[in-house]
Amino acid sequence: SGTHTNSITTPPKWVGRDLRTDVKEIWGSHYNIFVLFHDGELWGCGLNNYGQLGIGHTTDSSGGLHRYGRWYKPILPGPVDTLFIGWSDSSTATAMPAFALLEDGRLYAWGHSYYGCLGLGNTNTANATPMQVPGLPTTTRIKKIVMNPAGGALWHTHLLMEKGEVWNTGYNGYGQLGNGTKVDQNVFGKRATNSPAKDIWA
């Protein structure tokens, strides 16, 4: 057993749950899987060498980097409304960035902050403990999250707000952020648009 108390060994042992009806979302990458239930409870398993599981550290009780076969709850302050994890078609992109939008509208992020893609103010850092993303507006909720691993790991993240505002952060070597520069960002910034955006793609 690991040092994290909120852990179980296999999905069928989730007490009192019908996995056929209680599961809201399932997200997966090359090395991780997350399961979100309708009541906002989130569980994950897989590789944790860059804090991908969001459980406060990067090793298991035996000192290893892997947690295959055991499920853990990320350290989050409230129920989750939706989850978004970065995915790449490159099998070498193991350090999955992740976002959880809580039911109260707050956005939390953890994992590897490639080029500042998590918007936490750090770059190429392993964030093992989920942190609230700073600087976002509180008068409108997030409608959509888009993340693109250009070239396999040149990550940039874009948020669409319910009022049509667009915020983004991360790699900007080709002007992906639309801020008039080619300088990377590690915090989210608002982009100027002629009219409220209806959708975003990356």
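This short talk goes through the nonpolar cores and then the salt bridges of the structure above.

Please keep in mind that this is a predicted model, in which local features need pLDDT of at least 70 and side-chain atom pairs count only at pLDDT 80 or more, while totals for chains, interfaces and linings use all residues. Residues are numbered from 1 along each chain as its sequence is written, and side-chain values use heavy atoms, with hydrogens and water left out.

Let me begin with the cores, a nonpolar core being a set of buried Ala, Val, Leu, Ile, Met, Phe, Trp, Tyr and Cys residues joined through side-chain atoms within 4.5 Å, where buried means under 20% relative accessible area, exposed over 50%, and partly exposed in between, with a 1.4 Å probe and protein chains only. The largest nonpolar core has 19 residues, and Leu107 is one of those with the most contacts inside it. Apart from this core lies another, of 15 residues, among them Phe34 and Tyr108.

Turning to charges, I would recall that side chains of opposite charge can pair when their charged atoms come close. The whole structure holds 6 salt bridges, each a side-chain nitrogen of Lys or Arg within 4 Å of a carboxyl oxygen of Asp or Glu. One of them joins Lys24 and Asp81, at 3.6 Å from N to O. Lys24 is in strand S2 and Asp81 in strand S6, so this pair ties together parts that are 57 residues apart in sequence, strands being DSSP runs (E, at least two residues) numbered from the N terminus. Lys24 is partly exposed, at 35% relative accessible area, and Asp81 is also partly exposed, at 28%.

Note on methods: Helices (H or I, at least four residues) and strands (E, at least two) are DSSP runs, numbered from the N terminus.
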